[in-house]
Amino acid sequence: MSYNWNWGIFWEASPEGVGTYLTMLLMGLRWTVATALLAWVVALVFGSIVGVMRTLPGRTIGIVASAYVEFFRNIPLLVQLFLWYFVLPELLPQAAGMWLKQLPNAPFWTGAIGVGLYMSARIAEQLRAGIKSLPRGQAMAGTALGLTTVQTYRYVLLPMAYRIIMPPLTSEFLNTIKNTSVALTIGLMELTARARAMQEFSFQVFEAFTAATLLYLALNAIVVFGMRRLEKAVAVPGYIAGK
Amino acid sequence: MKRLATVMALMALPGLAAAQDLSGTLKKVKETGTITIGHRESSVPFSYIDDKAKVVGYSMDICMKVVDAIKAELKMDKVEVKLVPVTSSTRIPLIANGTIDLECGSTTNNVERQKQVAYTNTHFLTASAFVSKKASNLKKIDDLKGKTVVSTAGSTNIKQVVEANAARNLGMTVLPAKDHAEAFLLVELGRASAFVMDDILLASLIASSREPGLYEISADAFSLPEPYGIMLRKDDAPFKALVDKSTAALFRSAEGGQIYNKWFMSPIPPKGLNLNVPMSEKMKKIFANPTDSPDPAAY
Amino acid sequence: MFTAFDFDVILRSLPYLFWDGMTFTLMLTALSALGGLVLGTLLALMRLSNLPILGAVATGYVNLMRSLPLVLVIFWFYFLVPYIGQIITGAERPVLVGGFASALITFTLFEAAYFSEIMRAGIQSIPKGQVSAGYALGLNYRQVTSYIVLPQALRNMLPVILTQAIVLFQDTSLVYVLSITDFLGAASKVAQRDGRLIEMYLFAALVYFLISFAASRLVRHLQTKTAIIR
């Protein structure tokens, strides 16, 4: 095999001048986590709004919400990121476009919001399924008690729905983490991009990718562990997942 | 030293021609009847895709001469040339893992890379500089303090920027781009203030841009002029000897100068622009005495 | 700079976009969906088999693939596949693997993990009594699996499998990171060459949208049809 292995490479200084190649990868991991967390917040907020809209009786609201879901579901994430990063600033008025481009850490904001919006369509679908899975009597009971629609959702439907969809939400969160790597195409220096840069600087392809793989596995394990505990804590008694 | 290398290369050859037991890349070409060449997409005028989606360029012409020499050496009527697009970041692993046999682009030859790959005789010399919009008034490296700077992922240039950033405490944000065209686009769009790259590539990017008058190349350079070489697999002495011999013969012949003039002194596709870069004294020297030295001081 | 929207650049590059780019994308999608389904079914059978080692290997593989970002997996295989080929064939040098073959191997191996989960659910949805009935009739494992279990599992899971294929169709755009000319790669090459980003990326988004949307509508239609029959 015409490949020179060098596992000591992680302890050699990286060209960035602030530590070793291992430091470089860990800095990438930090960006991956930061991007995934912001994307997750965006996904939950927009996904919840759109998911609820899809269960409301109004026809226009339903059409708007399903158009939103179809838009974000049927365009590849990579293309969506290109739209936000390259196309959007050119379509805005010049001053606004310039502000967007000059934003410090533009790849981070674009990547996090882009991944978040992409994931929000999937969360909306999960939440809709969660709400629909509740007995119709629950909403009716809310109305009978004199609650407004907002109150019914806030106090009756959503607390149940979110707890029911905890397991799929876990895997959507894992997907969010994985999807942040697509943002390397717009210059975000997250974990995969750092592994790539390490390969380019040191030519140690397989060492770099092995390290990135292990870091992703560790991140996954932590998230799965944390979410399982959360799932247990909020499980609805009387359901199969509950106690 | 240079002489010695040439002499040694020439001495290795007669044995090769007679040998029944070919090895490495030559054996592969003989057995499969194909040679795979890695090319670039936007390294004008070295290796790029023209308006008819054809791969052309100065390095490509040199490589085709090398292919002719291989054909003659192996006494084959026909060698099929397969083209694989590579980027700055994929080219070295792809040479090492056997996906491509020759990389014909704009690859800097340096000591570090020689741990993974080998280079034939230098075919160009260029220094690392940056391009920016005239309006932003950036002349020196220190002017880049706090700016967003783009360079091509996997190039020597991005490494130099990253190192300069740390050494001079410039606080720049360094964006990696997939290829030169994308990097230049980020400057054109205003996403980045400057693009650090080999000055010859910057000059051709500016010349082929929509409004060449908008841009300028910095006076400061990040490096001495560094050698470009065609890349091949490491530890394949017979193949390297043959490639070295054929490129050396080409550079010394009149045809070498003609190929240079075709790409640097005449209109080139896709837009028929003329880069107008006459052969420098140093270039004339390496054409007369071909060398594969990775040391910029040797030129 | 980008004041006028230029439809002409789209028209001029249509043959390149569709003949070079879309052909690559669709071929890659179809072949790796097929390969992924076959391999995924094998993995699912391994996981449900009585041999603990087989089950552990399959589970480990599926979990590993599902934990990694596709982009990282694409990089891994692009550089690794020639060496694997060398080991498998015992050749003295890394085996030459072209861009298409490399992408095909990557997506087949990656998607197999996802298809195996689908097929596992499909197989588990078959009542145990049917399998017992098969054995009672004197059929062996292979016969029970290929004549009773898999045809029904495939049929029940067809909408899910097709939905996954649509996801795969979108995911193939990620070969962009390797500079391979798929549909998006072709669009971005034209975009960068002619400085027509807006036109090309919007057009690419539109094409992906129309194909995915139409395909998912078809799947939904199919779903209601099969649901009625059952």
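**Getting to know the chains and a sheet**

Me: How many residues does the contact take from chain A and from chain B?
Reply: In this predicted model, two residues are in contact if their C-beta atoms, placed from the backbone, lie within 7 Å. Taken that way, the contact draws on both chains: 16 residues from chain A and 21 residues from chain B.

Me: Which element gives the largest share of the side of chain A that touches chain B?
Reply: Two elements give two or more residues to that side, helix 4 (94-102) and helix 9 (191-202) of chain A. The largest share is four residues, and the element they come from is helix 9 of chain A.

Me: How do the residues of the side of chain A that touches chain B divide?
Reply: Let's go back to the contact with its 16 residues from chain A and 21 residues from chain B. Sorted by class, the chain A side comes out as eight nonpolar, four polar and four charged.

Me: What classes of residue make up the side of chain A that touches chain C?
Reply: Here the contact takes 26 residues from chain A and 27 residues from chain C. Helix 3 (77-91), helix 9 and helix 10 (205-234) of chain A each give two or more residues to the chain A side. By class, that side has 16 nonpolar, six polar and four charged residues.

Me: Which strands are the edge strands of the open sheet in chain B?
Reply: The sheet has five strands, in the order 11-10-12-9-13, with mixed pairing. An edge strand here pairs on one side only, and that picks out strand 11 (173-177) and strand 13 (215-217) of chain B.

Me: Which residue does B:Val131 stand opposite?
Reply: Strand 9 (residues 128-133) of chain B pairs with strand 13 of chain B in the antiparallel sense, over three bridges. In strand 13 of chain B, the residue opposite B:Val131 is B:Ile217.

Me: At what angle does helix 5 of chain B run to strand 10 of chain B?
Reply: Helix 5 (residues 156-167) of chain B lies across strand 9, strand 10 (148-152), strand 11 and strand 12 (194-198) of chain B. Its angle to strand 10 of chain B is about 150 degrees.

Me: How far apart do the C-alpha centres of domain 1 and domain 2 of chain B lie?
Reply: Chain B is divided into domain 1 (2-125 + 226-298) and domain 2 (128-217). The contact takes 17 residues from domain 1 of chain B and 17 residues from domain 2 of chain B. The distance between the two C-alpha centres is 27 Å.

Terms used
Residues numbered from 1 in each chain as written. Chains lettered and ligands numbered in written order. Predicted model: local features only at pLDDT ≥ 70, side-chain atom pairs only at ≥ 80, totals over all residues. Pairing = 2+ DSSP bridges. Axes fitted to C-alpha atoms, helices over the stretch in contact; angles between N-to-C directions. Nonpolar A, V, L, I, M, F, W, Y, C, P; charged D, E, K, R; others polar. Domains from an automatic or database assignment.
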